[in-house]
Amino acid sequence: MESPNGCSRKAASKDVSLQELRERLVEFATVRGWEQHHTPRNLLLALVGEVGELSEIFQWKGEVARGLPNWSPGDKEHLEEELSDVLLYLVQLADVCGIDLGQAALTKIVKNAQKYPVNPKPSPNYN
Ligand SMILES: [Mg+2]
């Protein structure tokens, strides 16, 4: 389904691949003539800005419970938007740098597992 702003919207609650996001972002930028602005540096700075917007949501709230049970629907929608902004700029940054982000992330998980082997006695800080 195509919306008036040039974005197609698919049914919610389906798995979305990083490749699909990458392709949608390329299309989004191309039809608007924005590729020239999407340099690694510009995308990194945009990503950092979005991380700041995400941080603002949690600023001054103290620790919040998992699942955010006391948050309003509006607050959760705002969180969804800012998390998405961060993800989308990260996907674009990886793309223009020629990084396969999904594969890189899987590789990093393996490296982390080697760096932090399972401890038979859980740390008192991680219950
Ligand atoms: Mg934002």
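Visitor: What is the mean pLDDT of the protein, and how many of its residues reach 70 or more?

Guide: Start with confidence, since this model is predicted. The mean pLDDT of the protein is 90. Of its residues, 85% reach 70 or more.

Visitor: Where is the pLDDT below 50?

Guide: Look at residues 1–10. Beyond near neighbours in sequence, that stretch has seven contacts in the model. Where pLDDT is low, the predicted coordinates should not be read in detail.

Visitor: Next, the fold. How many helices and strands does the secondary structure come to?

Guide: Four helices and zero strands. Along the sequence, the pattern reads α-α-α-α.

Visitor: How do I read the packing of two helices?

Guide: Take the distance between axes, then the crossing angle. The axes of α1 (residues 18–32) and α3 (residues 73–96) come within 10 Å. They cross at roughly 85 degrees. That makes α1 roughly perpendicular to α3, as angles of 65 to 115 degrees count as such.

Visitor: Which residues in α1 and α3 meet?

Guide: From α1, Leu18, Leu21, Arg22 and Leu25. From α3, Leu88, Val91, Gln92 and Asp95. By class, this contact has five nonpolar, one polar and two charged residues.

Visitor: Now burial. What percentage of the 127 residues count as buried?

Guide: The figure is 6%. Burial here is a neighbour count: 20 or more other C-beta atoms within 10 Å.

Visitor: Which residues in α3 are buried?

Guide: Tyr89, Val91, Gln92, Leu93 and Asp95. The buried residues of α3 pack against α1, α2 and α4.

Visitor: Is α4 buried or in the open?

Guide: Count again. Of the 15 residues of α4, the number buried is zero, so this helix lies largely in the open.

Visitor: Why does Asp95 count as buried?

Guide: Asp95 sits in helix α3. It counts as buried because it has 21 C-beta neighbours inside 10 Å.

Visitor: How far apart are Gln19 and Gly102?

Guide: In sequence, 83 residues; in space, 8.6 Å, C-alpha to C-alpha. Gln19 belongs to helix α1. With 13 other C-beta atoms within 10 Å, Gln19 is partly exposed.

Visitor: And Arg41, is it buried or exposed?

Guide: Exposed, with 9 other C-beta atoms within 10 Å. Arg41 is in helix α2. Arg41 and Leu93 are 52 residues apart in sequence and 8.5 Å apart C-alpha to C-alpha. Leu93 is one of the buried residues in α3.

Visitor: What share of the contacts with a separation of 6 or more comes from residues 24 or more positions apart?

Guide: They account for 75% of such contacts in the protein.

Visitor: Last, backbone angles. What should I look for in phi?

Guide: Most residues other than glycine have a negative phi. Here, Trp60 has a positive phi of about 70 degrees although it is not a glycine. Trp60 counts as exposed, with 5 C-beta neighbours inside 10 Å.

Visitor: What is the phi of Leu68?

Guide: Near 55 degrees, a positive value in a residue other than glycine. Leu68 is also placed in the loop between α2 and α3. With 12 C-beta neighbours inside 10 Å, Leu68 counts as exposed.

Visitor: Which residue just after α3 takes a positive phi?

Guide: Gly98, at about 75 degrees.

Methods:
Residues are numbered from 1 along each chain as its sequence is written. This is a predicted model: local features need pLDDT of at least 70, side-chain atom pairs count only at pLDDT 80 or more; totals for chains, interfaces and linings use all residues. Axes are lines fitted to C-alpha atoms, for helices over the stretch in contact, and angles run from 0 to 180 degrees between N-to-C directions. Angles under 35 degrees count as roughly parallel, over 145 as roughly antiparallel, 65 to 115 as roughly perpendicular and the rest as oblique. Two residues are in contact if their C-beta atoms, placed from the backbone, lie within 7 Å. Ala, Val, Leu, Ile, Met, Phe, Trp, Tyr, Cys and Pro count as nonpolar, Asp, Glu, Lys and Arg as charged, and the others, Gly among them, as polar. pLDDT is the predictor's confidence in each residue, from 0 to 100.
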